Amino acid sequence: MSSTWELKEHSTGEIIATVSGETWKKAQDKAFHKLAQKVELPGFRKGKVPANVLKRSIHPQNVMYEAIDEVATGALSDAVKEHELEVVGRPALDIENMDEESVTLKFMISVKPEVKLGEYRNLDVKKEAVTVSDDEVNAQVKHIQERNADFMIREDEETVQNGDTAVIDFEGFKDGVAFEGGAGTDYPLEIGSGAFIPGFEEQLIGMKKDETKDVQVTFPKEYQAADLAGQDAVFKVTVHEIKYKQLPEFTDEMVKEQKIDGVESVAAFKEYTLKNLSEQKEQQAEETFTNDLLTKVVENAEMEIPQVMIDEECDSMINDFANRLQAQGYSLDAYMQLTNMTMDTMREQFAMDAKNKIAARLVLEAIAKAENLEISDEEIDNEMESIAKAYSMEAEQVKQLISKDAVSYDLRMRKALELIKETAGK
């Protein structure tokens, strides 16, 4: 067998493979016998038709088409090895030429892209410094106080303030005509919650009990009711009652009610909250730093990602999303109906993230190769132990579920990423 390889655009190309001689002859003989088993002729039992009669009954071209099935897989495999290709996706097959002496096959394939690395060391990307203010800690304290707050009724002469709950009647009008779904009675509206359309809640501030007022608003352009989207309207609003939250003192007893291990005093809660917020912010800063670095490395590199890789990554991401929905008791079909999406629109949403994930993975692989990053057996064993500990399993169980190659690959990617991080911002 002889073959040629030509790379075209977007990491796709063509293998032209010619099979001839004894290999092609044996494939045709095998194909002939396979077809002969299916021939039924009057006067002969199935499978017992004489060879000379069979040759008149089975067209040579049918034999050759059947023989292609015998040689195509091997021809592709040999060509891929010869040209040292990493095939992604399923190849497409076409027949260039075929006769009893030889067959020439054309395989259209996508290959793993070649990555031309740009700068990946000493990138001008820095991790944001993490700080937690007293106001942020006190906001967590206030959140607990609000959960335990009592609602108090304002005096008749007092007015609605931001943060109050106003119990209101309202009715909406467009061009002087009341519209459907625009009315409510004894509705408790927390001022500043953003529950109503923009501009509505702010205009209630300063109103008194039993006061009636016309509230002028403009519906958002993307409002769900098409006949109201972007339209001006007037709401006639009457305030019946004004309530405000009276926050209790934050005490050790209230802290104990939160049932946080080792946290039983106000001082301990604030210390715990400071530590917790710091860790959250640190994690967010680390994720942002990592994403910014990978974005920069990808921007500096050159590669052509074939569509088949993006499609496969989209499939994987959608399957993961469907599994997360299922864990919450929902189905992907129900989600698409609720959000008025089709599979095509969902794939469009996932496509860019899929492409970015592939690009990041490819540059890390290229960096690991360029830097000759190797993983020892000891490192693999240690990682297996860590996985086992994290999932409360025996190490031997993990080794049966996860291959050494998979663990080695993940560790190499991690080393490549750490190399980028260590040299960044210097």
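Glu 313 is buried, at a relative accessible area of 10%; buried means under 20%, exposed over 50% and partly exposed in between, computed with a 1.4 Å probe on protein chains only. This is a predicted model, in which local features need pLDDT of at least 70 and side-chain atom pairs count only at pLDDT 80 or more, while totals for chains, interfaces and linings use all residues. Residues are numbered from 1 along each chain as its sequence is written, and side-chain values use heavy atoms, with hydrogens and water left out.

Which residue forms a salt bridge with Glu 313? The partner is Arg 361, with the closest N and O atoms 3.4 Å apart. By salt bridge I mean a side-chain nitrogen of Lys or Arg within 4 Å of a carboxyl oxygen of Asp or Glu. This pair links distant parts of the chain, 48 residues apart: Arg 361 lies in helix H9 (residues 343–370) and Glu 313 in helix H7 (residues 307–327). Helices here are DSSP runs of H or I with at least four residues, numbered from the N terminus. Arg 361 is partly exposed, at 31% relative accessibility.

A second salt bridge joins Asp 315 and Arg 347, at 2.6 Å from N to O. Asp 315 belongs to H7 and Arg 347 to H9, 32 residues apart, and this pair too links distant parts of the chain. Asp 315 is partly exposed at 36%, and Arg 347 is partly exposed at 21%.

I turn now to helix H1. Within H1 (residues 21–36), Asp 29 and Lys 25 are about one helical turn apart, because four residues separate them. Their side chains meet in a salt bridge of 3.3 Å, N to O. Asp 29 has a relative accessible area of 37% and Lys 25 one of 46%.

How does H1 meet helix H3? Two packed helices are described by the angle between their axes and the distance between the axes. The axes of H1 and H3 (residues 60–82) come within 8 Å and cross at roughly 115°. Axes are lines fitted to C-alpha atoms over the stretch in contact, with angles from 0 to 180 degrees between N-to-C directions. H1 is therefore roughly perpendicular to H3, a term covering 65 to 115 degrees, whereas under 35 is roughly parallel, over 145 roughly antiparallel and the rest oblique.

Lys 127, Glu 282, Glu 286 and Lys 421 are linked in a network of them.

Key: Helix = DSSP H or I, 4+ residues; strand = E, 2+ residues; numbered from the N terminus.
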